[in-house]
Structure formats: structure tokens, C-alpha cells
Amino acid sequence: MKLPYFDLLSPAPVYIQSIGGIISPTLREISSLGYDVYQSYLTFLLMDLKTCFTMSGNPKLYDALSDAEKSSYDVFDLLTAGEQPLLLLRNILNFFLMGTADYSPEKNGFVIREENRETGIVTRENYSLLCDLICQRNYIKSDSRNEFSAAKSKKALEIMQKLQKGRAAKEKQTKADKNMELANIISAVANKSQNLNILNIWDLTVFQLWDCFSRLTNNSIYDIQSMSVAAWGDKDKHFDVTSWFKRIDTNN
């Protein structure tokens, strides 16, 4: 489920039937929570089955499971089986969702309430969807956490296993770019933008910040190209005068 660009940009919660309102936190809210805590929350939501086993201290158990056995496990069930991950997940839902989340053993899920009114419930059936929507509102991509349980055939399981191995190898080769850390992006946008500064930028949602950064980057390229065309012309007709307002959300 891909959220519309308008909803992603909006500071208002995005309400999903049976779940409730999903927010894009402001930089001020992230600062109050703590950046490291915010990062740990996102990492928790991105956990796949293998990471769950590793976190519980059983990485070898996961490797010993057959594909069919892996398909019988569910990330949400594993996270809610232990007291500590359950409490952490509750805190995460309370940060990214409107209202309050409390786990109900009878309903096997987190009941979401706003002003003493039940607005939704997070269960194993919609947890993967919720994680993906939260990631979208935070300008990050997420892979399906329960790929194996979603597979309907032996061939599908084999394909998913190969894809998972491929992603794991790619992640090992990829080094974090410090230039793209949130603090540096805040500083860059605050000092590049004509309207934003280090005082008022904290009222942006995290999605708005990354969107603004992308737009400023594109506009800087456009300005350089336009100056070059103004000075030397555009004989090959490569300059696109409309590129300054072309959509930048195609990969979100």
C-alpha cells in the first residue's frame, strides 16, 4: 500500500481503517524522544524473522530451520511473546500512532484508543502493513518482514530465500554515508533554504525535511544548468526548463 504524496507531505495523521492515525514525527518530537531512540525504533520495525531469532539469542536456530518451518513463524508473534520486546513495541506504537496502544492478550494485539474511543487494533494480520506505512511516513523504504509466511508454494519460498540472501550480501557491502545522517541534513537544509533556519526547522516533519532536501538538491542542479545555458547556449537541446518542478517522489 503506497501512500499518496500529499498524505506523506502532510503534517496531519494518516488514518488507516482498523489501525488508526499514523503520524510523521516532527524534528522537535524526535529531538525530545532522542535521536538514538528514534533510530532504534525504526530498526525494530524493520526487523525480519532472522533478526528476531538473533535478538532472542538463537541465530543458529534460524539457520537450522527449513523454509517450510520458517513459514510457520510470524514476526509479530515472536515480538509479543517476550515481555521486553512487547513493552518496546508498545512504546514504538505510542510514538508513531495517534492515541495510546495497550496490549490485549484476549485479542492477541495492541488496542489503539483515542479519547477513550477504540480506533483500531494492531495484530499479526496488519503488523507488516503498519510497519511499511510508518516507514513511508519517515521517508525510508522497507522490505516485507514476513516474506516466508506470505509464500504460497515451494518455488515461491526458494525465490524469497534467494532475494533475502542477495539483500544481506548487499547490506554488508554498503557503508553508511555520514553526509546523509539526519543531523547533517538538518544543518544543510537550514543553511541552504531561503525560509528555513536552525530555529524554525524543528517544526518540519521528518518526511518534509527529506523532501525539502531532495528538492533543494534538484534545484541546485537546475540553477547550475540554467546558468550554463545562459552563458553558452543549448545547441543540443538537453536543458529541460521544467525540471525544477518535476516529481521527486517516484521512488518513495
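In which strand is S104 found? Select S104 in this predicted model and the answer is strand β3. With a relative accessibility of 13%, under the 20% cut-off, S104 counts as buried. Show its contacts next: apart from neighbours within four places in sequence, S104 touches G109 and V111.

Move on to N108, in the loop that joins β3 (100-104) to β4 (109-114). Look at the backbone here: N108 is not a glycine, yet its phi is positive, about 50°. Most residues other than glycine have a negative phi.

**The loop between β1 and β2**

Now select S18, which sits between β1 (14-16) and β2 (20-22), in the loop. S18 is another non-glycine residue with a positive phi, in this case about 75°. Is S18 buried or partly exposed? Its relative accessibility is 43%, between the 20% and 50% limits, so S18 counts as partly exposed.

**Helix α8**

Select residues 83-96 to display helix α8, which has 14 residues. Colour the buried residues of α8: they are P85, L86, L89, I92, L93, F95 and F96.

**F96 and its surroundings**

Keep F96 selected; its place is in helix α8. F96 counts as buried because its relative accessibility is 0%. Which residues is F96 in contact with, leaving aside its neighbours within four places in sequence? Display G21, I22, I23, P25, Y38, Y41, L42, L45, I134 and N138 to see them.

**The cysteines**

How many disulfides does a search of the whole structure find? The search finds zero. Select C131 to look at one cysteine that is in no disulfide. The nearest cysteine sulfur to it belongs to C135 and is 6.7 Å away, whereas a disulfide requires the two sulfur atoms to be within 2.5 Å. C131 has a relative accessibility of 0% and therefore counts as buried.

End the tour at C212. Its relative accessibility is 19%, which is under the 20% cut-off, so C212 also counts as buried.

Technical notes: Residues are numbered from 1 along each chain as its sequence is written. This is a predicted model: local features need pLDDT of at least 70, side-chain atom pairs count only at pLDDT 80 or more; totals for chains, interfaces and linings use all residues. Side-chain values use heavy atoms; hydrogens and water are left out. Helices (H or I, at least four residues) and strands (E, at least two) are DSSP runs, numbered from the N terminus. The expected span of a helix is 1.5 Å times one less than its number of residues. Buried means under 20% relative accessible area, exposed over 50%, partly exposed in between (1.4 Å probe, protein chains only). Contact means heavy atoms within 4.5 Å.
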